[in-house]
There are 2 protein chains.
Amino acid sequence: MKNKQILLANRPKGWVSPEDFNLVETELAPLSDGEILVKNLYLSLDPYMRGRMNDSKSYAAKVELGEVMVGATAGEVVESKNPKFQPGEKVTTMLGWQLYGKSNGAGVQKLGNAALPLSVYLGTVGMPGVTAWYGLLEIGKPKADETVVVSAATGAVGSVVGQLAKMKGCRTVGIAGGATKCQYAVGELGYDVCVDYQSATFYKDLVAATPAGVDIYFENVGGSILDAVLTRLNAFARIPLCGLISQYNATEAYGLKNFGLLLTNRVLVQGFIVSEHPEKWPEALSQLGQGVAEGKIKYHETITEGLENAPLAFIGLLKGQNLGKQVVKLA
Amino acid sequence: MKNKQILLANRPKGWVSPEDFNLVETELAPLSDGEILVKNLYLSLDPYMRGRMNDSKSYAAKVELGEVMVGATAGEVVESKNPKFQPGEKVTTMLGWQLYGKSNGAGVQKLGNAALPLSVYLGTVGMPGVTAWYGLLEIGKPKADETVVVSAATGAVGSVVGQLAKMKGCRTVGIAGGATKCQYAVGELGYDVCVDYQSATFYKDLVAATPAGVDIYFENVGGSILDAVLTRLNAFARIPLCGLISQYNATEAYGLKNFGLLLTNRVLVQGFIVSEHPEKWPEALSQLGQGVAEGKIKYHETITEGLENAPLAFIGLLKGQNLGKQVVKLA
């Protein structure tokens with residue numbers, strides 16, 4: 001039986017290029033006792049993967065050269081030598097960029113009746129959604145009428161942050177790139193206002209959008225956008241530090257000018273990675289699943305067809321070319 | 001009856017100069033009912049005063065031009081029309097840079113029998129000591145065997161941080177400017193090691209001093225020293241953000257390069273100002289007072305004689321020319 005895999009071929013310096021990946025066809029060896037074979041139907045593409053391509057220390061193990069690229073998938077058990085899994089069961093896995101993957105069951109989550117489209121369990125009702133839930137609620141601790149600013153406001157994480165903050169009675173201000181995203185942010189995701197960071201009037205627009213300052217800044221981007229938002233912080237503001245996508249491909253780090261305002265305004269910054277808080281996942285997934293099922297939490301997906309197109313889709317994600325959650329449909 | 005006062009004459013751009021202050025002689029008006037007259041014996045000089053000289057928003061009200069410079073004093077009640085205070089009582093006040101001050105009693109703390117030298121209530125057993133206590137214990141939450149790095153390690157705040165951290169069983173690493181301070185840090189304050197930021201080998205020395213990384217960075221300085229320490233942080237490190245003295249006189253803000261490591265290492269940064277946590281002062285002052293009385297907490301003071309020399313002493317403080325707590329003896 002044939003498999004297709006995408007391996008890490010080179011460690012990029014700066015921007016990722018298609019040559020950093022290698023598509024290979026391999027034979028699937030038979031299962032050993034205790035193993036299952038999963039057919040991956042959707043592959044999740046997420047900004048954190050850029051960090052795993054580096055040789056440097058990060059919060060998670062790097063991908064070794066020649067290894068399958070790391071990633072979450074949603075799929076179906078097609079063969080099982082593990083009594084806990086039955087063929088036909090829908091699951092999410094960390095099996096990476098490949099059509100099929102074997103597992104001893106570790107890290108494989110059963111989706112039960114999978115009431116929602118499978119891909120949603122890679123986004124709003126998966127890791128990105130829980131990331132939004134944890135960062136906003138556990139670190140940001142929003143109170144009604146506070147102003148919450150979200151960078152990458154329409155992304156897989158940001159889109160959930162904005163909607164959860166709105167449910168808490170906050171004024172929500174999105175930051176996104178371009179008119180299409182900003183229209184989607186306000187029109188579909190319910191942000192009170194969206195500021196386009198690509199606009200020449202970005203800073204003026206940000207000031208106008210935050211007349212009462214900023215109480216929570218959910219940070220996905222970093223760089224000059226962070227510097228701008230820092231100037232709008234209120235006393236006792238909180239910054240859940242989730243991502244810094246503007247820096248992941250930078251060959252020279254941005255020099256942050258306004259760090260001192262964290263002191264002046266007695267701000268909390270907390271870097272986090274959601275996989276380190278497994279005790280919160282069941283509650284978060286339950287709330288997110290219910291919100292999506294009831295139509296109270298909306299989502300949009302950019303779906304790329306075919307494993308072979310995953311590298312370009314990933315590069316597009318890093319450049320902000322997708323709208324909402326980026327997934328690859330594998331079958 | 002004559003008083004002498006130092007008023008804010010100009011708002012400095014960049015470095016403070018003696019011309020930014022104005023020494024005046026004034027008449028003391030008679031007390032009204034409910035007022036007390038305090039003879040200030042010691043004036044505290046502290047880095048936060050630099051922020052109060054600016055026109056910009058800060059965490060505390062700015063000093064207006066022509067107003068007495070803000071500051072804590074330790075002194076004695078010499079006249080009272082307030083039944084709560086008796087002449088002869090020792091007190092600390094916020095009466096500022098002047099020989100005498102009137103008060104209705106608000107912000108005046110009685111020192112009781114004042115078992116320690118009066119000036120200590122402006123330092124280790126005063127606001128700077130409580131700042132150290134609060135930032136280290138309430139934000140840093142040190143655990144035994146963790147590595148605690150302290151910038152401005154021999155200053156009024158830093159010297160207490162280092163000693164409290166040592167009491168908690170931590171490895172303590174000071175950062176200070178010059179051999180004299182570093183010798184004092186290790187020889188008297190009990191730091192395990194002190195790194196001289198003025199040395200050409202500063203970064204190499206810092207790396208050597210933190211073989212197990214850094215769990216708590218008590219930040220008083222900012223700028224390039226912060227950038228250096230950021231590279232040494234362990235996962236889940238905490239940064240009590242107390243001061244950024246390297247930036248207070250800068251005309252251009254330092255561009256911080258390593259902010260991204262706060263995410264990679266899931267770091268907590270918390271800016272704070274100790275006056276906003278009055279509920280913790282009694283416990284902190286009690287512990288600090290006992291520690292000093294028993295000789296377990298050491299301190300050093302740089303004592304400048306005469307109100308007229310306060311401006312130069314303050315400028316020296318901002319340049320790091322003092323050792324330990326900077327006070328001005330007024331009488």
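Okay, let's start with a question: which residue forms a salt bridge with Asp55(B)? The partner is Arg11(B), and the closest N and O atoms of the two are 3.8 Å apart. Keep in mind, everyone, that we're looking at a predicted model.

So where do these two sit? Asp55(B) is in the loop between α1 (48–52) and β4 (73–80) of chain B, while Arg11(B) is in the loop between β1 (2–8) and β2 (21–27) of that chain. They're 44 residues apart, and the pair links distant parts of the chain. Arg11(B) counts as buried, because its relative accessibility is 18% and the cut-off for buried is under 20%.

Staying in chain B, have a look at Lys280(B) and Glu138(B), whose side chains meet in a salt bridge at 3.5 Å, N to O. Lys280(B) lies in the loop between β13 (268–271) and α8 (281–293), and Glu138(B) lies in helix α2 (residues 127–140), so this pair ties together parts that are 142 residues apart in sequence. Lys280(B) is partly exposed at 22% relative accessibility, and Glu138(B) is partly exposed at 27%.

Over to chain A. Here salt bridges that share partners join Arg11(A), Asp55(A), Lys62(A) and Glu64(A) into one network.

One more pair in chain A: Lys2(A) and Glu27(A) form a salt bridge, 2.7 Å from N to O. Lys2(A) is in strand β1 and Glu27(A) in strand β2, so the bridge ties together parts 25 residues apart in sequence. Lys2(A) is partly exposed, at 48%, whereas Glu27(A) is exposed, at 54%.

And how many salt bridges are there over all chains? The count comes to 32.

Key
Residues numbered from 1 in each chain as written. Chains lettered and ligands numbered in written order. Predicted model: local features only at pLDDT ≥ 70, side-chain atom pairs only at ≥ 80, totals over all residues. Heavy atoms only, no water. Salt bridge = Lys/Arg side-chain N within 4 Å of Asp/Glu carboxyl O. Helix = DSSP H or I, 4+ residues; strand = E, 2+ residues; numbered from the N terminus. Buried < 20%, exposed > 50% of the residue type's maximum accessible area, 1.4 Å probe, protein only.
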